[in-house]
Amino acid sequence: MVQTVCVECGGPLLARYDFEREGWPSLDVVLARPAGQFRFHEVQPTDAGAKTPTLGEGATPLLAAPGVSPNLYVKDEAQNPTGSFKARGMASAMARAVELGLTRFALPSNGNAGGAAAAYGAMYEVEVEVFVPRATPSGLIAEPEAYGAKVTVVDGTIADAGRLAAEKSADTGVFNMATLREPFRIEGKKMMGYELLWDLGRLPEVVVYPTGGGTGLVGMVKAWDEMEALGWIGSERPRMVAVQWEGCAPIVKAFHEGADHAEPWVDPGTTAAYGLRVPSALGDRLMLSGLRETDGTAVEVSEKELLDGTRRLAELAGIWGTPEGGACLAAVDQLAASGWVRPGETVVIFNTAAAGKYA
Ligand SMILES: Cc1ncc(COP(=O)(O)O)c(C=O)c1O
């Protein structure tokens, strides 16, 4: 079996680039290239660079939402292939894995990652098996099947699905593509952090992210560190906010208790925000340090609040978002009411997937 986590602590491995060396392209050079996930291919893991095969992921629109609030923007990740931001991570990770000769993959998924892995699996003509919790909506099971992947439905949560994917990997040698168990899905997701600078011409004051396994959150913080190493930005950072559903909020709990890691959440119920039903995450320490380093915070929202946020995004901004996107809007309301988000601050929320997939 290929070892793709730290051999000493079992934690995630992160890709590092030598920003000291000469020859990095300037921001202007990068911006002059065609938009998309591999626009800044020098910070991507593939040998193919700008020629890395793609389904058209990345370069999603950053939409102003003045009907909701004057300084609010929505990064609409629903406009990725397979209708979710999971395409970004799979585009990078599967490209690299295939370059290295891997042909068989397994992963746990609350739905969107499985669909994305299966789509790239179809493009590369490799085998994908997805382990999904029984509560996963039927559309998110039909999607990977349509791409020819095998779907195994598991009793329990994504943690149980993760155990089965890991066992499968250990028993058969298929590569485990679970979140942060390999180092390159995060390289894809971090491009959301680069794109915020490219979209706005500066970084926003606040970024609100619906947090499950945390790859996007950790990835964006990594992107900003890389951008500082490149001299593109200074030490300023958006204040990063992790949003979770109150019925499964291990990161929110750990953050407010001052802990450096999160205890697994026992017995999460069910929510419409499937991507937030993650009782324990391998990236917990990285998420918590990212929140603290950026002077950020963590917020839990109720089911009613996140559904109401979803409805308002549709009615007031024309974005029929996922409940995870609605959760972000609900969190902004809380933070504005408490004064944590100050009037006039630019706030970006993420709509991480297309609502139609959940219908
Ligand atoms: C729609 C949606 N939003 C948010 C998340 C959580 O993303 P992350 O694992 O990067 O925290 C997921 C993960 O499954 C998801 O599917």
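The shell around the ligand draws residues from both domain 1 (62–84 + 185–358) and domain 2 (86–176), so the ligand lies between them. The domain bounds come from an automatic or database domain assignment. Please keep in mind that this is a predicted model, in which local features need pLDDT of at least 70 and side-chain atom pairs count only at pLDDT 80 or more, while totals for chains, interfaces and linings use all residues. Residues are numbered from 1 along each chain as its sequence is written.

Which residues are the closest to the ligand? They are Gly212, Gly213, Gly275, Glu324 and Thr352, out of 17 residues that surround the ligand. By residue class, the shell holds three nonpolar, 13 polar and one charged. In this scheme Ala, Val, Leu, Ile, Met, Phe, Trp, Tyr, Cys and Pro count as nonpolar, Asp, Glu, Lys and Arg as charged, and the others, Gly among them, as polar.

Now to the two domains themselves. The C-alpha centres of domain 1 and domain 2 lie 24 Å apart. Across the boundary, 24 residues of domain 1 are in contact with 23 residues of domain 2, where contact means that the C-beta atoms, placed from the backbone, lie within 7 Å. On the side of domain 1 that touches domain 2, helix H6 (185–189) and helix H7 (191–200) each supply at least two residues. H6 gives the most to that side, with five residues. The residues on this side divide into ten nonpolar, nine polar and five charged.

Next comes the open sheet. Four strands form it in the order S5-S4-S3-S6, with parallel pairing; two strands pair if DSSP finds at least two bridges between them. Strand S5 (150–154) and strand S6 (175–176) stand at the edges with a single partner strand each, so one side of each has no neighbour in the sheet. Strand S3 (residues 104–108) and strand S4 (residues 127–133) run parallel and are joined by five bridges. Within this pair, Leu107 stands opposite Val130 in S4. Helix H5 (residues 158–172) lies across S3, S4, S5 and S6 and runs at about 160° to S3. For that angle, axes are lines fitted to C-alpha atoms, for helices over the stretch in contact, and angles run from 0 to 180 degrees between N-to-C directions.

The table gives their C-beta neighbours; a residue is buried with 20 or more other C-beta atoms within 10 Å of its own, exposed with 12 or fewer, and partly exposed in between, the C-beta atoms being placed from the backbone.

| Residue | C-beta neighbours within 10 Å | Class |
|---|---|---|
| Thr54 | 17 neighbours | partly exposed |
| Leu180 | 24 neighbours | buried |

Thr54 sits in the loop between helix H1 (27–31) and strand S1 (62–64). Not counting residues up to four places away in sequence, Thr54 touches Gly36, Gln37, Phe38 and Ala91. Leu180, in the loop between S6 and H6, has a positive phi of about 65° although it is not a glycine. Asp267 lies in the loop between helix H9 (250–257) and helix H10 (284–293), and its phi is near 55°, again a positive value in a residue other than glycine.

Conventions. Contact = placed C-beta atoms within 7 Å. Near = placed C-beta within 6 Å.
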